[in-house]
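Colleague: I am new to reading protein models. Could we go through a few features together?

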Amino acid sequence: MSVTEVNLDGEQSVPATAEDRLVELARQLLEEIGEDPNRDGLRDTPERFARWWREFINYDPGSLGTLFESIGTSQLVVVSDIQVWSLCEHHLLPFNCSVTIAYRPTGQLLGLSKFARVAHQYAHRLQVQERLVDQIALEISTLSGTPDVAVIAKGEHLCMSMRGIKAAAQMTSTAYRGEFSTDSGLRAELFDLLRA
């Protein structure tokens, strides 16, 4: 049996089949926690579970390499509050982050949507927040051709707020490359812009 769902954008989701191993895993999970996967409300859940995992992990960010000519090399470009969801690799529970990316162009500007595409590209996998910011910084540096990149992420992790201590908290991670790692004045300019 093959099931296809249409998402909110009207696009078809990745189909799941009853023979899909993820479908079978979801059925087993429901049974292990005392649920009946054949009852109303849960009957299609294993297929939805499988489709969601495939859709999340197989995320396609689209084109990343749109560049424009820069006006000058002393500019500081900051793109803030990019909202991403990822999955904690330790508990398979979601965490969300607000990501800020800053860079100093060295001749070419990266297209605005590319920052969000890069952030989502690395968020759509099993992650830890510290690695996420580092991967984003490296990719922005590679795409833009500048060594001067800073990435700041503030995240809330459901593995902490839903289990264990069950306390909501926000974690901040940073990755500084190039002059952001050595020039405290440049970092101060970034923080002033973020506070404004």
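Modeller: Gladly. This is a predicted model. Let us begin with pockets. A pocket is an open set of grid points with protein on both sides within 12 Å along at least five of seven lines. Its volume is the space filled by probe spheres set on the points.

Colleague: How much space lies in the second largest pocket?

Modeller: About 190 Å³.

Colleague: Which residues line the second largest pocket?

Modeller: The lining is Ser80, Asp81, Ser98, Thr100, Ile152, Lys154, Phe191 and Leu194. Sorted by class, that lining has 3 nonpolar, 3 polar and 2 charged residues.

Colleague: Which helix and strands each supply at least two residues of that lining?

Modeller: Strand 4 (77-88), strand 5 (94-103), strand 8 (149-157) and helix 7 (184-195) do.

Colleague: Now helices. How do I read one?

Modeller: An α-helix has 3.6 residues a turn, so residues three or four places apart point the same way. Now take helix 1, residues 21-32. This helix has 12 residues and reaches 16 Å from its first C-alpha to its last. That is close to the 16 Å expected at 1.5 Å a residue.

Colleague: Which residues of helix 1 are buried?

Modeller: Buried means under 20% relative accessible area. In helix 1, Leu22, Val23, Ala26 and Leu30 are buried. Look down the axis of helix 1: its buried residues fall within an arc of 105°, so they line one face of the helix. Arg21 and Glu32, on the other side, are exposed.

Colleague: What caps the N-terminal end of helix 1?

Modeller: Asp20 does. A side-chain oxygen of Asp20 lies 2.8 Å from the backbone nitrogen of Leu22. Just after helix 1, Gly34 takes a positive phi of about 90°.

Colleague: Back to strand 4. Is Ser86 buried or exposed?

Modeller: Ser86 lies in strand 4. Ser86 has a relative accessible area of 1%, so this residue is buried.

Colleague: Which backbone oxygen does the side chain of Ser86 reach at 2.6 Å?

Modeller: That of Ala123. The backbone oxygen of Arg125 also lies 3.2 Å from a polar atom of the Ser86 side chain.

Colleague: One last residue. Where is Phe115 found?

Modeller: In helix 3, residues 112-123. Phe115 is buried because its relative accessible area is 1%. Now compare sequence with space. Phe115 and Ser80 are 35 residues apart in sequence. Their C-alpha atoms are 9.5 Å apart in space. Ser80 is also one of the residues lining the second largest pocket.

Notes
Residues numbered from 1 in each chain as written. Predicted model: local features only at pLDDT ≥ 70, side-chain atom pairs only at ≥ 80, totals over all residues. Heavy atoms only, no water. 1 Å grid on protein atoms, 1.4 Å probe; cavity = no way out; pocket = protein on both sides within 12 Å on 5 of 7 lines; lining within 4 Å. Helix = DSSP H or I, 4+ residues; strand = E, 2+ residues; numbered from the N terminus. Nonpolar A, V, L, I, M, F, W, Y, C, P; charged D, E, K, R; others polar. Expected span 1.5 Å × (residues − 1). Buried < 20%, exposed > 50% of the residue type's maximum accessible area, 1.4 Å probe, protein only. Arc of directions from axis to C-beta. Polar contact = N/O pair within 3.5 Å; in protein donor to acceptor, adjacent residues only side chain to side chain.
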